[in-house]
Amino acid sequence: MVWVLGVIVRYCVLLPLRVTLAFIGISLLVIGTTLVGQLPDGSLKNWLSELVHLTCCRICVRALSGTIHYHNKQYRPQKGGICVANHTSPIDVLILTTDGCYAMVGQVHGGLMGIIQRAMVKACPHVWFERSEMKDRHLVTKRLKEHIADKKKLPILIFPEGTCINNTSVMMFKKGSFEIGGTIHPVAIKYNPQFGDAFWNSSKYNMVSYLLRMMTSWAIVCDVWYMPPMTREEGEDAVQFANRVKSAIAVQGGLTELPWDGGLKRAKVKDTFKEEQQKNYSKMIVGNGSL
């Protein structure tokens with residue numbers, strides 16, 4: 001009886017309210033950023049853009065009954081820097097943007113997402129790439145360097161894992177984000193699965209079914225830890241810097257640190273990686289005197 005009552009409340013009461021709130025938030029975001037985009041560049045436009053982004057993202061988080069606890073707010077990412085965080089769900093962006101504005105980086109999409117992207121970029125200098133441009137590492141690096149060189153622009157938000165991980169671990173950080181230069185602002189995100197599982201298993205759920213699961217859960221509860229800014233040390237390459245930042249995020253969020261590429265859940269293991277493991281195993285065998 002309790003379970004049936006819970007289903008009725010979640011699907012017949014909470015779901016319609018949440019869908020309505022999400023529609024209001026997205027509509028206001030598109031309309032607001034489009035109107036703000038008509039203003040000339042200046043402090044007024046920047047202020048209104050941040051106000052619209054914060055307000056609309058907070059409405060969308062309310063549509064998920066989001067309860068977020070922010071820690072160490074004195075370390076919030078500053079303009080002209082790069083914010084890197086572990087990645088569990090597409091709503092990570094909403095979770096972070098509820099407390100501060102960021103410049104997004106990503107591929108240009110079509111449909112509803114494309115409409116939102118085109119409206120947002122009018123009001124704020126987000127960095128969107130065409131599919132062909134995403135494959136050009138030099139072009140991507142150049143545009144990101146140009147962005148962080150302007151200390152008046154919002155910090156760039158990047159998820160170096162490149163895919164969603166199941167809220168228990170931190171996978172390999174791609175080195176590209178750490179070759180750009182500038183100050184890195186690490187952020188650790190940890191969801192409480194007791195009220196709702198925020199992890200998006202894209203191989204099992206499409207976006208629509210995932211959002212339905214999110215909106216019919218009781219709540220999305222998470223903790224966000226801002227961490228002291230980090231810079232690349234002398235003699236440290238991009239991979240070592242990425243691993244150092246990853247370790248700090250894993251420790252702060254209570255997550256398991258793993259060296260594997262999260263993209264392996266969709267792709268075959270590279271032969272070079274297999275060979276490396278085989279060499280390590282053979283060394284271990286030889287070292288034990290078995291051969």
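## Ground rules

Before we start, a definition: two strands pair if DSSP finds at least two bridges between them. The strands themselves (E, at least two residues) and the helices (H or I, at least four residues) are DSSP runs, numbered from the N terminus.

What you see is a predicted model, in which local features need pLDDT of at least 70 and side-chain atom pairs count only at pLDDT 80 or more, while totals for chains, interfaces and linings use all residues. Residues are numbered from 1 along each chain as its sequence is written, and side-chain values use heavy atoms, with hydrogens and water left out.

## The whole chain

The protein chain has 9 helices and 9 strands. Its radius of gyration (taken over C-alpha atoms) is 21 Å, close to the 19 Å that the globule rule (2.2 Å times the number of residues to the power 0.38) gives for 291 residues, so the chain is as compact as a globular protein of that length. Along its principal axes, the C-alpha trace spans about 70 × 60 × 40 Å.

How much of the chain is buried? Of the 291 residues, 42% count as buried, meaning under 20% relative accessible area; exposed is over 50%, and partly exposed is in between (1.4 Å probe, protein chains only). The accessible surface comes to about 16100 Å², and 61% of that belongs to carbon and sulfur atoms; such areas come from the Shrake-Rupley method with a 1.4 Å probe, and for residues only the protein chains shown count as cover. Now for contacts, meaning heavy atoms within 4.5 Å. Among contacts between residues at least 6 apart in sequence, 75% join residues at least 24 apart.

## The sheet

Look for an open sheet of 7 strands, with mixed pairing and the order β1-β8-β7-β2-β5-β3-β4. Its edge strands, each pairing on one side only, are β1 (66-71) and β4 (127-129). From one strand to the next, the twist averages 25 degrees. Helix α8 (residues 238-253) packs on this sheet, where it touches β2, β7 (184-192) and β8 (220-226). The direction of α8 makes about 35 degrees with that of β7; axes here are lines fitted to C-alpha atoms, for helices over the stretch in contact, and angles run from 0 to 180 degrees between N-to-C directions.

## Zooming in on β2

Strand β2 (residues 82-85) pairs in the parallel sense with β5 (residues 156-158) over 3 bridges. β2 also pairs with β7 in the parallel sense, over 4 bridges. You can follow Ile82 both ways: isoleucine 156 in β5 stands opposite, and isoleucine 184 is the bridge partner in β7. Cysteine 83 has leucine 157 as its bridge partner in β5.

Which way do the β2 side chains point? Ile82 and Val84 go one way and Cys83 and Ala85 the other, and all are buried. Over in β7 you'll find histidine 185, which counts as buried at 7% relative accessibility. Leaving out residues up to four places away in sequence, histidine 185 touches Tyr75, Pro77, Gln78, Gly81, Ile82, Cys83, Val84 and Pro229.

## Helices to look for

Helix α4 (residues 111-123) has these buried residues: Gly114, Ile116, Gln117, Ala119, Met120 and Ala123. They pack against α1 (2-36), α2, β3 (103-107) and β4.

An unreviewed UniProt entry lists residues 20-39 as "transmembrane region"; UniProt positions are given in the numbering used here, feature names are shortened, and annotations may be inferred rather than shown by experiment. In the model, that span is 85% helix and 0% strand, and its end C-alpha atoms lie 29 Å apart.

Serine 282 sits in helix α9 (residues 271-287) and is partly exposed, with a relative accessible area of 35%. Its C-alpha atom is separated by 46 Å from that of arginine 213, 69 residues apart along the chain.

Most residues other than glycine have a negative phi. Serine 65, in the loop between α2 (43-62) and β1, has a positive phi near 50 degrees. This serine is partly exposed, with a relative accessible area of 26%.

Asparagine 167 has a positive phi too, about 70 degrees. Is asparagine 167 buried or exposed? At 9% relative accessibility, asparagine 167 counts as buried, and its place is the loop between β5 and β6 (169-170).
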